[in-house]
Amino acid sequence: MESDEIIKPENLVYRKPKLLNDTPMHYCPGCSHSVIHKLIAEIVEDMGLEEETIGVSPVGCAVFAYNYIDIDWLEAAHGRAPAVATAVKRLKPRKMVFTYQGDGDLAAIGTAETIHAANRGENIVIVFVNNAIYGMTGGQMAPTTLLGMPTSTCPYGREAQLNGYPLKISDLLAQLEGTCLVTRQSVETVAAVKKSKRMLRLAFENSMAGRGTSVVEFVSTCASGWKQSPEKANQWMKENMFPFYPLGDLKKI
């Protein structure tokens with residue numbers, strides 16, 4: 001290969017997915033959202049579903065997801081994405097419909113919508129980004145905040161007697177008859193990204209095949225909310241989040 005050919009885009013192994021717009025992302029350095037966005041864009045493109053995919057984004061850090069992934073999007077009220085996605089999928093059953101939700105959205109104000117959509121077995125994909133904190137609104141305690149973990153509303157750490165226990169919402173969803181896939185992944189290493197992409201694609205395939213509800217949880221970092229550097233946030237996630245939210249498939253039919 002000639003030296004001038006090496007720099008040609010068609011000869012590069014890595015390139016930006018076509019469905020990712022050139023809009024600069026607003027996410028903080030080290031945030032997991034940008035990597036997950038990339039995976040969604042790649043999978044939609046790989047499956048040839050560019051014109052058949054509809055994303056539903058509620059309130060949260062990813063509220064501006066429509067700026068970044070060039071597919072059809074709907075905005076939902078806080079926590080209501082599964083209800084909106086239910087309506088869209090029932091009206092347009094041939095579409096690939098997914099929600100994109102954080103832990104403060106899915107596991108707090110949206111708990112009822114999430115559980116009942118999954119219990120009905122709606123043929124949607126729920127993408128669940130769990131960074132154990134309200135990253136958008138000031139770093140408050142979320143339902144998934146770990147015991148002892150400090151936030152702006154529990155600065156000395158979460159206490160079970162005062163704040164209750166962290167909610168393993170995916171474990172609950174795995175018990176419902178309507179779910180066909182519940183998996184917990186991450187994107188902090190190349191190997192983890194590859195595994196996440198395989199499981200996310202399986203979830204999209206389940207939606208198109210009408211197998212029921214698929215839930216893909218991403219245990220993620222929030223360097224800004226955790227008051228850490230991106231590198232330290234990744235290490236903290238491995239040492240503290242992974243033991244409580246272990247990666248792997250919780251349900252796979």
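In the predicted model, Phe 64 is found in the loop that lies between β1, spanning residues 53–57, and β2, spanning residues 72–75. The relative accessible area of Phe 64 is 36%, and because this value falls between the 20% under which a residue counts as buried and the 50% over which a residue counts as exposed, Phe 64 is classed as partly exposed. Although Phe 64 and Met 25 are 39 residues apart in sequence, their C-alpha atoms are 9.0 Å apart in space.

With regard to the chain as a whole, the secondary structure of the protein comes to 10 helices and seven strands. The radius of gyration is 18 Å, which is close to the 18 Å given by the globule rule for 253 residues, and the chain is therefore as compact as a globular protein of that length. Along the principal axes, the C-alpha trace spans about 65 × 45 × 30 Å.

As for burial and surface, buried residues make up 49% of the 253 residues in the protein chain. The accessible surface comes to about 12000 Å², and 54% of this surface belongs to carbon and sulfur atoms. The protein chain carries 26 positive and 27 negative side chains, and a distance of 5 Å separates the centres of the two sets.

Note on methods:
Residues are numbered from 1 along each chain as its sequence is written. This is a predicted model: local features need pLDDT of at least 70, side-chain atom pairs count only at pLDDT 80 or more; totals for chains, interfaces and linings use all residues. Side-chain values use heavy atoms; hydrogens and water are left out. Helices (H or I, at least four residues) and strands (E, at least two) are DSSP runs, numbered from the N terminus. The radius of gyration is taken over C-alpha atoms; the globule rule is 2.2 Å times the number of residues to the power 0.38. Buried means under 20% relative accessible area, exposed over 50%, partly exposed in between (1.4 Å probe, protein chains only). Accessible areas come from the Shrake-Rupley method with a 1.4 Å probe; for residues, only the protein chains shown count as cover. Lys and Arg count as positive and Asp and Glu as negative; His and the chain ends are not counted. The place of a charge is taken as NZ of Lys, CZ of Arg, CG of Asp or CD of Glu.
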